Amino acid sequence: MTYQSDLLSTLAARGYIHQLTDAAALDALATKQVVPGYIGFDPTAPSLHVGSLVQIMLLRRLQQTGHKPIVLMGGGTGKIGDPSFKDEARKLLAADGIQANVASIKRIFERFLTFGDGPSDAVMLDNAEWLDALEYIPFLREVGQHFSINRMLSFDSVKLRLDREQSLSFLEFNYMILQAYDFLELSRRASCRLQMGGSDQWGNIVNGIELARRMDGTEVFGVTTPLITTADGGKMGKTMAGAVWLHEDQLSHFDYWQFWRNTDDRDVGRFLRLFTDLPLDEIARLEALGGAEINDAKKILATEATALCRGRDAADQAAETARRTFEEGAAGDSLPRFSVAVGAIGIVDALIGIGFCASRGEARRLIAGGGARIEGERVADEAATITIGDAPVRISAGKKNHGLIEPIRPA
């Protein structure tokens, strides 16, 4: 379908659209007025990770095309946890822990969006504002009557748990009603006309659209993004070392840059469209590069994606650290470090201490497989030690993880 609005044309060209409700009507609306649109984020940790980045970028595209992003923090729904496509219930967080996470996560969005009071300026709301004040019996009478249990059981996100004979608590089952109610409240409070989310949110979004129509007669819309997987079939943002966090206090600038630098050749063009602001014609040129030149495109992807999340200075510093480390063999300032007493440390302890391995068994397997190196030289003996003097020693795990073992400096 050819779209007339900048909004849907941009989303389609960059690969964000998986499902749309009434595409023609939404396209027409987006050509006539500013469309407020929201995405919800549950504060289950102090930082979001790369798995949430496509949704953050979706809000950025909404604002870039002249519309109004609404960031909805799940201070209320976070007390339940979204059960969509989860194997088991999430651990319930205390109220003070949820609020601390909300405050921490807010910093991320300020890097991607412009907040303010203008027509297309972003706003941040918290659904605890209305969910915490709900009276249960009136809520069931006014809202619950619009939900069919038969239909709720038919959604894939619910069927997954039931088909596996895994428990789905009544508390979790309420989540989809509360999320639908969020859309209704936002349409009333902020004239919100669009909810966006990942493909796993389709059922929740459709529920909200139907609730707004039934209770208020309001026409609202939904857009979902495709599940972002890597070319080898892996889940986006999942690495051997764990989640790729967006906050720098949970993942260094260098490691964040290196995550993007390690992108599979087949994913470079797609990730450039989704996660950078580079023009589409420049992206087409970069993804057409062949052979060793594709590495130049990966470095640009890493630098541009890091600049959006961490700032241009951090991105340039990480790129320079990588250049010095891999092209000149120098020890970059941004590499992960592990400080130990002057003397010696075993290679196994060093790999664990710097965070490259989670256990002694994992470290031994890495060494046995030839993946551990000291100053670029392969380590064959798990009993090998690293001599620590005045200068840092470079240690590597595989081709992609590099760090420094350095002496403890006097305070």
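Leaving aside its neighbours within four places in sequence, which residues is S5 in contact with? Select S5 and you will find D27, A30 and T31 in contact with it. Bear in mind throughout that this is a predicted model. S5 sits in the segment before α1 (6-14). Is S5 buried or exposed? Its relative accessibility is 2%, and because buried means under 20%, S5 counts as buried.

**Next stop: helix α11**

Now select residues 202-216, which make up helix α11. This helix has 15 residues, and the distance from its first C-alpha to its last is 21 Å, close to the 21 Å expected at 1.5 Å a residue. Colour its buried residues: G203, N204, I205, V206, N207, G208, I209, E210, L211 and A212. What covers them? Show α7 (149-154), α10 (175-190), β5 (194-198) and β6 (221-225), which are included in the cover over the buried residues of α11. Before moving on, step to G217, which follows α11 and has a positive phi, near 70 degrees.

**Into the nonpolar cores**

Select F109 and W260 next. These are the residues with the most contacts inside the largest nonpolar core, which has 64 residues. Centre the view on W260 and leave aside its neighbours within four places in sequence: the residues in contact with W260 are then V50, L53, M236, F271, F275, K298, L301, A302, A305 and T306. Another core, of 27 residues, lies apart from the largest one, and F139, F173, A180 and Y181 are among its members.

Start at helix α14 (residues 280-287), which holds both R285 and E282. The two form a salt bridge, with the closest N and O atoms 2.9 Å apart. They are three residues apart, about one turn of the helix. R285 is partly exposed at a relative accessible area of 44%, and E282 is partly exposed at 26%.

Then go to helix α16 (residues 312-328), where R323 and E320 are also three residues apart, separated by about one helical turn. Their side chains meet in a salt bridge of 2.7 Å, N to O. Both ends are partly exposed: R323 has a relative accessible area of 30%, while E320 has a relative accessibility of 35%.

For a pair from separate elements, select E382 and R364, whose salt bridge has its closest N and O atoms 3.2 Å apart. E382 is in the loop between β12 (377-378) and β13 (385-388), and R364 is in helix α18 (residues 360-368), so the pair ties together parts that are 18 residues apart in sequence. E382 is partly exposed, with a relative accessible area of 42%, and R364 counts as partly exposed at 34% relative accessibility.

Finish by selecting R60, R61 and D277 together: they are linked in a network of salt bridges.

Definitions and conventions. Residues are numbered from 1 along each chain as its sequence is written. This is a predicted model: local features need pLDDT of at least 70, side-chain atom pairs count only at pLDDT 80 or more; totals for chains, interfaces and linings use all residues. Side-chain values use heavy atoms; hydrogens and water are left out. Helices (H or I, at least four residues) and strands (E, at least two) are DSSP runs, numbered from the N terminus. The expected span of a helix is 1.5 Å times one less than its number of residues. Buried means under 20% relative accessible area, exposed over 50%, partly exposed in between (1.4 Å probe, protein chains only). Contact means heavy atoms within 4.5 Å. A nonpolar core is a set of buried Ala, Val, Leu, Ile, Met, Phe, Trp, Tyr and Cys residues joined through side-chain atoms within 4.5 Å. A salt bridge is a side-chain nitrogen of Lys or Arg within 4 Å of a carboxyl oxygen of Asp or Glu.
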